[in-house]
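Please read these notes with the structure open.

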Amino acid sequence: MPDSQTSAPRGGVRLARGASPWLIPTVATAALSLTRARKSGRWAAVAVPTTALAAGMLWFFRDPEREITQGRVISPADGVVQSIMPWKDGRTRVAIFMSPLNVHVNRAPLAGTVTSVEHVPGGFVPAFNKESENNERVVWHFDTELGDIEMVQIAGAVARRIVPYVPQGTKVEQGERIGLIRFGSRVDLYLPEGVEVAVEVGQATTAGVTRIDRD
């Protein structure tokens with residue numbers, strides 16, 4: 001199933017919604033320094049790091065199109081499975097760590113209706129740290145064919161902003177873009193009791209592509 005979001009112009013690079021506050025000043029500074037570098041050695045020295053930073057930002061905020069995998073539950077995030085933990089209520093939590101090199105646009109793991117989007121204030125310790133349980137986060141709940149599905153976007157040491165794309169009450173398709181976490185972070189997905197996990201700790205995942213559950 002092809003991605004339902006608007007495609008980038010032919011030959012262009014699609015960038016994530018919510019990237020403008022970081023991209024605009026960075027790219028503008030790089031463009032200014034490159035222009036002035038033609039006449040000034042001092043500006044030439046500035047142009048190198050600013051251009052490198054702008055290129056890094058463009059890479060970080062990339063948002064590629066995806067051919068969405070068919071399956072009951074698919075990965076909401078690019079990254080690596082950090083842990084798989086049984087929960088007291090019978091659910092299983094699959095935690096996916098996202099490094100700054102990953103695509104940071106998150107996608108709906110199932111089709112359904114967004115029943116709540118709750119922002120929870122907290123700290124900003126590294127997302128791979130156990131203490132990240134108390135980090136800034138956004139808690140999502142989806143009403144799906146498997147019942148209530150909970151997904152949590154967790155900010156990391158560098159990620160200081162989570163940007164939801166859709167509000168409560170929105171009907172989403174499986175694999176649809178639903179939000180962005182700026183810089184390194186983590187996404188936790190809670191599978192209902194009886195749903196068997198198909199991924200393993202240490203396995204790389206791709207949002208909208210990697211299947212999380214097993215038939």
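**Notes on the salt bridges**

1. D188 and R93 are both buried, meaning under 20% relative accessible area, where over 50% is exposed and anything in between partly exposed (1.4 Å probe, protein chains only). A salt bridge joins the side chains of D188 and R93, at 3.8 Å from N to O; the term requires a side-chain nitrogen of Lys or Arg within 4 Å of a carboxyl oxygen of Asp or Glu. D188 is in strand β10 (residues 185–191) and R93 in strand β2 (residues 92–98), so this pair ties together parts 95 residues apart in sequence.

2. The model is predicted: local features need pLDDT of at least 70 and side-chain atom pairs pLDDT 80 or more, while totals for chains, interfaces and linings use all residues. Residues are numbered from 1 along each chain as its sequence is written, and side-chain values use heavy atoms, leaving out hydrogens and water.

3. R14 and D63 form a salt bridge, with the closest N and O atoms 3.1 Å apart. R14 sits in the segment before α1 (20–37) and D63 in the loop between α2 (41–60) and β1 (79–86), 49 residues apart. Helices (H or I, at least four residues) and strands (E, at least two) are DSSP runs numbered from the N terminus. R14 is buried at 15% relative accessible area, and D63 is buried at 2%.

4. D63 also meets R177 in a salt bridge (2.7 Å, N to O). R177 lies in strand β9 (residues 177–181), so its pairing with D63 ties together parts 114 residues apart in sequence. R177 is buried, at 2% relative accessibility.

5. Through shared partners, salt bridges join R14, D63, E65 and R177 into one network. The count of salt bridges comes to 13.
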